[in-house]
Amino acid sequence: MNKVLMQGNKIIGEAAIRAGCRFYAGYPITPQNEIPEYMAERLREVEGGVFIQSESEVAAIHMVIGASAAGARSMTSSSSPGISLKQEGISSLAACELPAVIVNMMRGGPGLGNISPSQGDYFQATRGGGHGDYRIIVLGPDSAQELADLTMDAFDLADRYRTPVMILADGMMGQMMEPVIFKTPKPRAYPESFIMKGAGAGKSKIIRGLILDPLDMEEHNWTLDRKYQVIARKETRHELFKADDAELILVAYGTGARIAKGAIKRLREQGLRAGLFRPITLWPFPTNELRDLAKKIENFLVFEMSTGQMVEDVRLAIQGRARIGFHGRPGGVVPTPVELTNVVMRKYDRKEGIIDHY
Amino acid sequence: MMVKTIFSGFGGQGVLMMGYSLAHGAMSAGYHVTFLPAYGAEVRGGTANCTVAVSDDEIASPIASEPNNIVVLNTPSLYAFQNRVAPGGALFLNSSIIAVESSRHDVRIFKIPSSEMAEKLGNPRTANTVMMGAFLKITGLVPPDIYLSSMATVMGSKKKSVIEINRKAFAAGHEFLKIAE
Amino acid sequence: MMKKVFGRPQSMKKNIFHYCAGCGHSIAHRLIAEVIDELDIRGITIGVPPAGCAVLAYNYFDIDMIEAQHGRGPATATGIKRILPDRVVFSYQGDGDLAAIGIAESFHAANRGENITVVFMNNAVYGMTGGQMAPTSIMGQKTTTSPAGRNNVLDGYPIQVSEIFSLLPGTAYIERCTVNSPASILKTRKAIRKAFQYQIDGLGFSLIEILSPCPTNWKMTPIESCRWIDEVMSKSFPLGVIKDLPAAAKGEQKKGGPRHDG
């Protein structure tokens with residue numbers, strides 16, 4: 001397979017097309033405009049491809065609902081404020097058990113915020129995001145290669161569990177070019193019986209989220225929850241980097257994890273044996289894997305481009321078994337590995353461990 | 001080894017093309033590479049810049065707070081980026097347009113009258129490629145033959161004649177610094 | 001053997017309507033089901049019911065149905081129709097659904113000329129939530145949220161959806177009907193049939209607006225409600241064909257025909 005140099009947003013588009021995505025609806029918002037542009041071009045070329053520039057993010061996600069119900073691999077993308085608008089439909093997708101892929105190229109918030117890379121939407125993504133009792137699978141790529149691989153995987157996961165899957169990256173991942181090799185996607189395995197295409201001569205089908213009887217709705221909630229538990233058991237992914245001999249573990253994802261890797265190399269040059277725990281699935285969070293690590297390592301430092309969101313999942317995983325520190329840069333600031341190196345040196349003492357820990 | 005370079009100028013000078021072609025060349029030469037364009041309102045305002053990181057190891061951040069090199073095609077870009085260059089780094093100036101002197105004395109400064117040279121070659125739009133010739137001559141980041149083949153690749157569907165004049169522009173930039181030294 | 005002259009349409013389930021006495025939804029449901037039977041399209045029709053009183057429409061229609069969130073029916077219908085262009089797709093929407101919360105989705109589906117049919121139930125009030133003001137409540141109409149009567153300074157004006165949509169080049173056929181008498185019901189049936197036929201023929205976006213009685217929230221008897229449509233409501237929302245591009249193109253335009261031709 002050929003290695004190509006491509007921009008992150010376009011990589012997502014190309015990976016989606018190769019994975020068989022045939023429906024895209026979206027509304028332009030920086031820093032992800034190259035996704036709709038790329039899809040507009042590519043969906044013209046492939047058989048059965050449909051691209052719609054919708055009147056709003058709200059309309060886009062509801063078009064995706066229709067296309068998904070009608071049997072197409074479907075995707076929409078946006079950035080933070082637009083993802084807030086899509087939550088109504090994401091909640092519906094979860095309720096109706098429809099597969100879809102949603103891309104969030106996060107930017108600084110809250111409100112309109114700015115267009116710089118940020119990780120402020122972690123809570124929104126990993127707690128479901130919209131109303132009601134549900135979760136969505138959230139994948140946090142940290143390289144061009146993972147943008148391609150995880151986009152393809154997202155369509156498979158969405159089908160397998162009939163649930164929306166979110167790619168959670170940020171403006172930097174979307175804008176950056178890096179070499180990438182597109183893997184060969186698996187053929188789609190989605191039962192025909194799930195697809196709504198008219199009743200034919202048979203029984204008619206209903207796709208709905210409205211269940212007025214509380215006991216029936218409760219059962220639907222438990223059914224969804226059992227599915228989420230299976231996902232949590234089977235689908236967690238994480239990466240360990242220089243963790244074998246580490247005295248201190250940084251926990252970071254996406255762009256934050258790249259910066260952490262840079263800091264770890266510098267820290268090791270200064271004699272501090274730091275390592276990285278990088279969640280790749282943000283939901284389900286690799287809780288057990290992190291907890292296991294806390295059996296032998298006493299000090300953790302969470303780094304996020306936010307005021308501290310994933311750090312709560314880290315605390316829940318570690319449950320007081322180790323010291324947890326935090327460094328955050330919210331609002332669209334991307335700190336350098338040098339800054340993070342200095343912060344770690346300040347916050348970690350060889351004898352005392354993490355200072356001002358949780 | 002990790003080398004970060006910021007390319008900057010105004011929109012239309014082919015600033016992004018310089019970064020893109022370098023990144024592609026470095027990838028072809030077997031390096032890890034990232035290319036990060038400045039995006040958003042800033043780009044539309046008339047200035048354009050991008051950052052290329054080339055390394056023999058994984059690249060942590062594609063952002064350069066302290067680039068090893070800057071290549072600037074206009075005066076505002078010089079002011080914007082000259083103070084960021086790491087001491088001992090290199091600064092490449094389009095001296096056809098930039099009449100002022102850099103305030104830095106701890107970096108190597110290379111002045112290339114690339115706009116005039118491009119004009120002489122018959123295509124003023126190749127000033128960026130002239131700069132690339134000079135840049136790769138000094139930094140040696142990517143061998144010229146690999147770079148030129150990447151340049152042709154990223155130019156894609158452009159006419160053969162366009163690629164040919166860019167090859168000449170590259171050679172002129174490459175030769176220029178040899179003569180100057 | 002006696003000939004059956006009246007029965008349940010094939011496209012309806014054997015459920016009893018939950019709608020209030022005198023409500024127009026049950027009539028509109030039945031008319032749609034009759035048309036689906038008549039055109040023999042039960043197996044290829046997909047309906048998109050809304051939030052509101054008709055949210056349980058899938059309990060009555062024996063066709064494939066996917067419930068839309070409030071106002072998003074035309075977006076969901078767009079997604080389905082673009083993937084399955086040979087299916088017959090309709091959304092069923094109330095006045096809040098179409099003219100308030102979903103005006104953008106409806107307007108833009110119409111403007112794109114999506115080859116779908118919208119059945120628009122206009123009863124000038126929010127039924128399911130208990131009688132609040134609708135975007136189509138008429139001037140002076142008392143509702144629970146316009147207790148002194150609709151007032152243009154506070155509330156703006158009733159939206160004439162059909163007239164506004166008829167200005168969009170993307171729309172092919174728009175007619176405003178009602179279901180307050182046997183004659184008007186038959187007319188509405190013809191309009192729905194025409195809209196579905198146009199869709200089957202690929203002629204583009206059609207909208208059938210139905211002025212529909214809501215005795216419960218109008219605080220009237222069913223008979224008073226039917227009369228109110230004739231005497232009051234239809235003055236704000238004149239009945240008739242608003243736009244019929246295919247007919248105009250065929251030169252079949254008759255008296256009382258399209259007032260706008262886009």
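Visitor: What pattern does chain B follow when read along the sequence?

Guide: In this predicted model, the elements of chain B come in the order β-α-β-α-β-β-α-β-β-α-α-α-α. They comprise seven helices and six strands.

Visitor: What makes the radius of gyration of chain B agree with that of a compact globule?

Guide: For 181 residues, the rule puts the radius of gyration of a compact globule near 16 Å. Chain B has 15 Å, and therefore the two agree. As for its extent, the C-alpha atoms of chain B fill a box of roughly 40 × 40 × 35 Å along the principal axes.

Visitor: How much of chain B counts as buried, and what is known of its accessible surface?

Guide: Of its 181 residues, 54% count as buried. The accessible surface of chain B is about 7,700 Å², and carbon and sulfur atoms hold 54% of that surface.

Visitor: Why does Thr75(B) count as buried?

Guide: A residue is called buried when its relative accessible area is under 20%. Thr75(B) has 18% and therefore counts as buried. Thr75(B) belongs to helix α3 of chain B, which covers residues 75–81.

Visitor: Which residues does Thr75(B) touch, leaving aside those up to four places away in sequence?

Guide: Thr75(B) touches Ile97(B), Ile98(B), Ala99(B) and Val100(B). For chain B as a whole, consider the contacts with a separation of 6 or more: 56% of them join residues 24 or more positions apart.

Visitor: How many positive and negative side chains does chain B have, and where do their centres lie?

Guide: Chain B has 15 positive and 13 negative side chains, and 8 Å separates the centres of the two sets.

Visitor: Why is Lys242(A) called partly exposed?

Guide: The term applies between the limits of 20% and 50%. Lys242(A) has a relative accessible area of 40%, so it is partly exposed. Its place is the loop between β10 (238–241) and β11 (248–251) of chain A.

Visitor: Why is Gln319(A) given that same label, partly exposed?

Guide: The relative accessible area of Gln319(A) is 48%, which is why it is partly exposed. Gln319(A) lies in the loop between α11 (310–318) and β15 (323–328) of chain A.

Visitor: What makes the phi values of Lys242(A) and Gln319(A) worth noting?

Guide: Most residues other than glycine have a negative phi. Lys242(A), not a glycine, has a positive phi of about 50 degrees. Gln319(A), also a residue other than glycine, has a positive phi near 50 degrees.

Visitor: How do you know that the bond between Gly109(A) and Pro110(A) is a cis peptide bond?

Guide: Its omega is about 0 degrees, and the bond is listed as cis. Pro110(A) lies in the loop between β5 (100–106) and α5 (122–126) of chain A. A cis peptide bond also joins Trp283(A) and Pro284(A), again with omega about 0 degrees. Pro284(A) is in the loop between β13 (281–283) and α10 (287–294) of chain A. Most peptide bonds, by contrast, are trans.

Visitor: What are the domains of chain A, and how far apart are their centres?

Guide: The domain assignment gives domain 1 (3–234) and domain 2 (239–354). Their C-alpha centres lie 29 Å apart. The contact takes 33 residues from domain 1 of chain A and 28 residues from domain 2 of chain A.

Visitor: How do you know that no contact joins chain B and chain C?

Guide: A contact requires heavy atoms within 4.5 Å. No contact joins chain B and chain C, and their closest C-alpha atoms are 27 Å apart. Of the two pairs of chains that touch, chains A and C have the most contacts.

Note on methods: Residues are numbered from 1 along each chain as its sequence is written. Chains are lettered from A and ligands numbered from 1 in the order in which they are written. This is a predicted model: local features need pLDDT of at least 70, side-chain atom pairs count only at pLDDT 80 or more; totals for chains, interfaces and linings use all residues. Side-chain values use heavy atoms; hydrogens and water are left out. Helices (H or I, at least four residues) and strands (E, at least two) are DSSP runs, numbered from the N terminus. The radius of gyration is taken over C-alpha atoms; the globule rule is 2.2 Å times the number of residues to the power 0.38. Buried means under 20% relative accessible area, exposed over 50%, partly exposed in between (1.4 Å probe, protein chains only). Accessible areas come from the Shrake-Rupley method with a 1.4 Å probe; for residues, only the protein chains shown count as cover. Lys and Arg count as positive and Asp and Glu as negative; His and the chain ends are not counted. The place of a charge is taken as NZ of Lys, CZ of Arg, CG of Asp or CD of Glu. Domain bounds come from an automatic or database domain assignment.
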